[in-house]
Amino acid sequence: MSAVFLHVGQCGNQIGKAFWKKTLQDKAVHEGHTFIHPDGKQRSVHVDSEPKVVQKACKGLKIRDGNIVSGKRGRGTNWALGYHGLKKSGEDHILEDTANQVRKEIERCDMYSGCIMMHSLTGGTGSGLGSRLCEAMREEYPMNHLISCTVAPCLTGESPLQNYNALLTLSYLQRNTDCVVLTYNDDVLGKLQRKMESVSFDAMNTSIASALGGVFLPTDTMTPKRWSIPANRYHDTKKYQFGSIGNVGNVVIARGDSTETFYPQMTQGLEKKFRKSFNTVSWNPFPLDIWTAKTNSIGPKDTASITVASNSESIVEYLETVYERSRVKFAAKAYLHWYNKYGVTNEDFEEAFGVVEDIIQNYKSAFS
Ligand SMILES: Nc1nc2c(ncn2[C@@H]2O[C@H](COP(=O)(O)OP(=O)(O)OP(=O)(O)O)[C@@H](O)[C@H]2O)c(=O)[nH]1
Ligand SMILES: [Mg+2]
């Protein structure tokens, strides 16, 4: 089985670089062909509207010729411009070129299982083109999995358009993907600031890549009989206080389990402690899956790590913030002309509000 990775926009490519650095070091990755071809090339396509950004982020990786796609200019943090593309000012065919390269990459797979997309929730390219690509992938490959690994911006105003962009992207991801893995820049930054004085994007991306690698890199054991993640799955890597927030399902991945003792320990009581601290819902009889790997390829040699992907109620707080901040701006008709100008109508906004409101309500009812 093979997966195809799609890196969109500056954030998607910079995180992609950190992710692939770890991935290419994993012995099991080279033994199988899920992530790389027999000739050692990555199963990945990299796209950004700004050529220099994507070229720089791809340096040193093992990317096939033609799998780096670039446009003419950035999408100015505008979802509408990312989604609909440059029209009057000289179309750069970035959507068609990307779709073409992805199709070729899929045709190179013996058995294509699905696509993992990495992108930001609010950059013009990552959010707008990312949404359009998710839609196109769902249409073209409806039977294959589509996972979005997306990064939420710092809440304290990086851009006045960020909440609109996040709202529109979330609504597209909800409709077109099977799973969304959400990482919050605020949390990653906060965690690293406790360890170092100044935090670079590189340091943040290494940390995010470790979390994603912890989930996606090969494991030696899985517990498929307990695989039980319900519909509409938002996983996040947010650090929250266990015990107070409800939780539907979790995957716990232990790496560096060289003595293969993690699973026996889980069955002998550790699982109960996990369940209690995760505060999992009573209606899910199997809220915990456990995967193990003998080596820990996301950390230094001879270390161990535990990664937890949780489908948790904590997502509601972020969704409500995006919803409410966008509502206030929308009611005041603030910045709408930037979207209308590039083909997004007020009805499109209303539809996105509706979808995000539904996600919030569904999560609330799951925990009530
Ligand atoms: N963690 C992390 N976040 C990033 C990185 N680069 C950008 N971001 C975040 O992503 C958002 C902006 O998205 P970008 O990826 O830069 O934008 P883009 O997709 O290239 O779109 P345009 O430049 O608007 O065409 C902001 O919230 C940034 O904080 C990165 O390397 N790591
Ligand atoms: Mg950019």
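A salt bridge is a side-chain nitrogen of Lys or Arg within 4 Å of a carboxyl oxygen of Asp or Glu. The exercises below apply this and related terms to a predicted model, in which local features need pLDDT of at least 70 and side-chain atom pairs count only at pLDDT 80 or more, while totals for chains, interfaces and linings use all residues. Residues are numbered from 1 along each chain as its sequence is written, chains are lettered from A and ligands numbered from 1 in the order in which they are written, and side-chain values use heavy atoms, with hydrogens and water left out.

**Exercise 1. Characterise the interface of domain 1 and domain 2.**

Step 1. The domain assignment, automatic or from a database, gives domain 1 (2-220), domain 2 (238-313) and domain 3 (316-367). The centres of domain 1 and domain 2, taken over C-alpha atoms, are separated by 26 Å.

Step 2. Contact (heavy atoms within 4.5 Å) links 14 residues of domain 1 with twelve residues of domain 2. The buried area, that is, the accessible area (1.4 Å probe) that two parts lose on being put together, summed over both, is about 1,200 Å², with 54% of it on carbon and sulfur atoms. Of the area that domain 1 buries against domain 2, 37% comes from Val215, Thr219 and Asp220, more than from any other three residues.

Step 3. Between domain 1 and domain 2 the count of salt bridges is zero. Eight residue pairs, both at pLDDT 80 or more, are in polar contact across this interface. A polar contact is a pair of N or O atoms within 3.5 Å; within protein, one must be able to donate a hydrogen and the other to accept it, and residues adjacent in sequence count only if both atoms are side-chain atoms.

Step 4. On the side of domain 1 that touches domain 2, helix α9 (residues 201-216) gives the most, with five residues. Helices (H or I, at least four residues) are DSSP runs, numbered from the N terminus.

**Exercise 2. State which protein atoms lie 3.0 Å and 2.7 Å from oxygen atoms of ligand 1.**

Step 1. Ligand 1 is surrounded by 23 residues (a heavy atom within 4 Å); among the closest are Gln14, Arg75 and Asn205.

Step 2. The 3.0 Å distance belongs to a polar backbone atom of Gln10. The 2.7 Å distance belongs to a backbone N or O atom of Thr77. Ser120 supplies a polar side-chain atom, 3.1 Å from an oxygen atom of ligand 1.

**Exercise 3. Locate the salt bridge of Lys27 within its helix.**

Step 1. The structure holds eleven salt bridges. In one of them, the side chains of Lys27 and Glu31 meet at 3.6 Å, N to O.

Step 2. Both residues belong to helix α2 (residues 27-31), where Lys27 and Glu31 are four residues apart, about one turn of the helix.

Conventions: Helix = DSSP H or I, 4+ residues; strand = E, 2+ residues; numbered from the N terminus.
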